[in-house]
Amino acid sequence: MNRIKKVPVKKIGVIERYQEFLPVSDRTPIISLNEGNTPLILSEALPSVLGLKGLKIYFKFEGLNPTGSFKDRGMTMAVSKALEEGATSVMCASTGNTSASAAAFASRCGMKCYVLIPEGKIAKGKLLQAFRYGAKVVVVKGNFDDALELVKKITATHPIQIVNSVNPYRIEGQKTAAFEICDDLGDAPDYHAIPVGNAGNITAYWRGYREYKEKGHSDTLPKMLGFQAAGAAPIVLNRVVKNPETIATAIRIGNPASWASALKARDESGGLIESVTDDEIRWAYRFLAEREGIFAEPASAAAVAGVVNLAKRNYFKKGSRIACTLTGSGLKDPEFALSFDDRIESVEPSIDAVLKVIGTVPPARTKKSSVR
Ligand code: AN7
């Protein structure tokens, strides 16, 4: 029997891995949790469900970062640079993931972290992360956009470093995800699908793809496909949305900070930014978990919902490679996960009682038949 050889793996974070592309120097203290290096998982079920078997759809599963979202890539940069520049505290507004990540990286280097979150609209898992990593949590009676305005004003007049994506180091760190995809595929994909909230990530990926090509690490550029939730789609509607609403609370944002650069990513790449409904997000969220074995959060499912819509309109060229960023872990939002009509059945500890509940069991597989 062949055994898989054990190779020593040096685990390093995105700054060490891609430092030649990042504004760091020997003087930069690297605050890292070995973020990045997330898997690019080939879709098993989606192409055939869409009737497009030739498509290759890859999920970049960012939910496997240390705090469970892509925010760690930007936060390792933002907090490292804040420390280098002498900051002793950081602050952000957040729909949840940014606050979890900021709190973690701040805790790692002994910085104080302040997070402003919109009242009632952040997933439980993200809130408890901010608390457990020791951040000072302030609930703002307003939405994310209100909280971000406050953070901008407070950090302009107090010695606190802002770590929202208006901090340029955040975008720098986040672009490393595009590098990893090119490294894995050997080139850029044909399309890159991504959820859009504050629009930092679509900006970061586009920069990453462009820089990698400029430096000769890839030959092509993808079309950038951004997806907003229909109730929070300012870029699609071309106007600020005063009261954004969506089940995907991570992207419940009505006035994105990186609006202009999201438009640039869309137009320079020849891509598009569209909206998807909450029902489409729900479908994609369940599909990912129930058919692909990937538990991602609702905002992440928005990108998959968008790909489904485009595929139904025959948007994709035959045989295309589509990368799809799944931005965060499904474990972040247990309340949403439990909002479906699953039944929990308690039974007496007897074989009969268990068999009665599980119902018909699928027949055993013969050696010849495939898994599916
Ligand atoms: C899972 O944490 O804005 O378009 O404050 O958590 O770069 O904003 C989160 C955004 C997509 C959108 N998916 O990314 C925050 C925050 C998930 C997210 C987005 C977010 P951007």
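I checked Tyr285 and Phe340, and both are buried, where buried means under 20% relative accessible area, exposed over 50% and partly exposed in between, with a 1.4 Å probe and protein chains only. This is a predicted model, in which local features need pLDDT of at least 70 and side-chain atom pairs count only at pLDDT 80 or more, while totals for chains, interfaces and linings use all residues. Residues are numbered from 1 along each chain as its sequence is written, and side-chain values use heavy atoms, without hydrogens and water.

I then counted 14 aromatic pairs in the structure; rings of Phe, Tyr and Trp (its six-membered ring) pair if their centres lie within 6.5 Å, and planes under 30 degrees apart count as stacked, over 60 as edge-to-face and the rest as tilted. For Tyr285 and Phe336 I noted ring centres 4.7 Å apart and planes at 80°, so this pair is edge-to-face. Tyr285 sits in helix 12 (residues 278–292) and Phe336 in helix 14 (residues 334–337), 51 residues apart; helices are DSSP runs of H or I with at least four residues, strands are runs of E with at least two, and both are numbered from the N terminus.

The relative accessible area is 5% for Tyr285 and 8% for Phe336. Because Phe340 lies in the loop between helix 14 and helix 15 (351–358), its pairing with Tyr285 of helix 12 ties together parts 55 residues apart in sequence.

I also found a cluster in which ring pairs link Tyr18, Phe21, Phe179 and Tyr212.
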